[in-house]
Amino acid sequence: MNNFIVTTIRKPTEAVEMLAKEIALKLGGQFVKREDLSFDALKTIHGVENVLLVKKNSLSVMTSAGELFFHPNTAHLRIKNLRGGEGDRLIDALKLSSGSKVLDCTLGLGSDAIVESFVAGSSGEVVALEVNPLIAEVVSHGLKNFTDDSPHILEAMRRVKVINVDCSEFLKACADNAFDVVYFDPMFRLPVHKSSGLNPIRPLADDRPLTPEIVREARRVANCRVVMKEHNGSYEFARLGFEVVDGGKYSSVAFGVIDKTYRLL
Ligand SMILES: C[S@@+](CC[C@H](N)C(=O)[O-])C[C@H]1O[C@@H](n2cnc3c(N)ncnc32)[C@H](O)[C@@H]1O
C-alpha cells in the first residue's frame with residue numbers, strides 16, 4: 001500500500017524528522033521534507049491520497065475525510081462509568097473480568113480496546129489487530145505516548161498490544177483456546193451516522209465483510225466466546241451464526257455472541 005507519504009510539521013526538530021524517516025522506512029513509504037507546502041500541494045506533487053504527519057508528540061494522517069489522530073474518545077467516559085459502578089454494553093457482551101485474555105480483531109481508533117484493557121487489568125491481556133498500516137501506526141503510537149488523561153486510563157492504554165496484521169492470518173496462526181474471548185467490530189454494512197467519529201478512518205479502513213471461515217477460526221481460538229458488534233437489525237448476525245444478546249430497542253448498535261461455554265446435557 002503506497003498511497004501515502006510521510007512528512008513532518010513545518011519546522012521539525014531533529015528528533016521529529018528522524019522519527020518520520022524511521023516510520024517511512026518501517027511502512028515502506030517515502031519520507032518527504034515538508035518545506036512550506038500545504039497537505040493538498042504535497043498530495044498533488046507526490047500523487048498520493050494520504051499524508052502521515054509526524055508532530056512533536058503525536059502522529060496523524062491527513063485523509064480525504066479529514067485528520068485521523070489518536071484520542072481515547074468514548075473510552076474516557078465509559079471507564080468513568082465503569083469506575084462509578086455502571087455497566088458497559090461491550091464489557092457485558094464479552095463477559096470480561098480482571099485477568100481476561102482478549103483478542104480484539106478490529107482495533108480501529110482503539111476505544112473498545114482501551115476499555116477492554118481497563119477491565120482485564122494488569123493480570124489480563126488485550127491484543128488488538130489492525131490490517132491498515134497507517135491506522136495501526138497512528139493508534140499504536142497514541143496508545144504508547146498519549147499523556148493527557150488519568151493514570152488508570154493511561155495504564156490501560158499502555159497495556160494494549162497492537163499488531164498490524166489481517167485478523168484472518170493471525171487467527172489461523174493461533175493455538176486452540178489461545179484467548180478467552182475474540183471480538184470483531186467490523187465496518188458496518190450500513191454506516192450508522194455519516195458524521196460519526198469514525199469518519200476520518202473510513203477512507204483507510206478495511207470494509208470487507210467477515211467471512212464464515214474467519215468466524216470458524218475465531219471459535220477455535222476463543223476459549224469462552226466470540227462477540228461481534230453490528231448495526232441493530234443487521235443480517236450479518238444470522239449470516240455468521242451469532243445470537244443477538246444486546247440489541248437495545250433505542251440503540252443503533254447491537255452485540256451478537258457465539259458462546260462456547262454452553263454444554264449439552
Ligand atoms: C469499526 S472499526 C473498529 C472500531 C474500534 N472498535 C474502536 O473502538 O475504535 C473497524 C476497524 O477494523 C479494521 N479491520 C477491518 N477488517 C480487518 C481485518 N480483517 N483484520 C484486521 N483489522 C481489520 C478496519 O481497518 C478498521 O480500522
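User: Which side chains meet in a salt bridge here, and at what distance?
Analyst: Glu137 and Lys26, at 3.0 Å, N to O. Keep in mind that this is a predicted model.

User: How is the protein divided?
Analyst: Into domain 1, residues 4–56, and domain 2, residues 74–259.

User: How far apart are the C-alpha centres of domain 1 and domain 2?
Analyst: They lie 30 Å apart. Seven residues of domain 1 and five residues of domain 2 make the contact.

User: What area do the two domains bury between them?
Analyst: About 520 Å². Carbon and sulfur atoms account for 73% of it.

User: Which residues in domain 1 lose the most area to domain 2?
Analyst: Leu27, Asn50 and Leu52. Together they make up 58% of what the domain 1 side buries.

User: Back to charges. How many salt bridges does the rule find across the interface of domain 1 and domain 2?
Analyst: One. For polar contact, the count between the domains is one residue pair, with both residues at pLDDT 80 or more.

User: And which elements each supply at least two residues of the domain 1 side that touches domain 2?
Analyst: α1 (14–27) and β3 (50–54). The largest share comes from α1, with four residues.

User: How do the residues on that side divide into nonpolar, polar and charged?
Analyst: Five are nonpolar, one is polar and one is charged.

How values were computed
Residues are numbered from 1 along each chain as its sequence is written. This is a predicted model: local features need pLDDT of at least 70, side-chain atom pairs count only at pLDDT 80 or more; totals for chains, interfaces and linings use all residues. Side-chain values use heavy atoms; hydrogens and water are left out. Domain bounds come from an automatic or database domain assignment. Contact means heavy atoms within 4.5 Å. Buried area is the accessible area (1.4 Å probe) that two parts lose on being put together, summed over both. A salt bridge is a side-chain nitrogen of Lys or Arg within 4 Å of a carboxyl oxygen of Asp or Glu. A polar contact is a pair of N or O atoms within 3.5 Å; within protein, one must be able to donate a hydrogen and the other to accept it, and residues adjacent in sequence count only if both atoms are side-chain atoms. Ala, Val, Leu, Ile, Met, Phe, Trp, Tyr, Cys and Pro count as nonpolar, Asp, Glu, Lys and Arg as charged, and the others, Gly among them, as polar.
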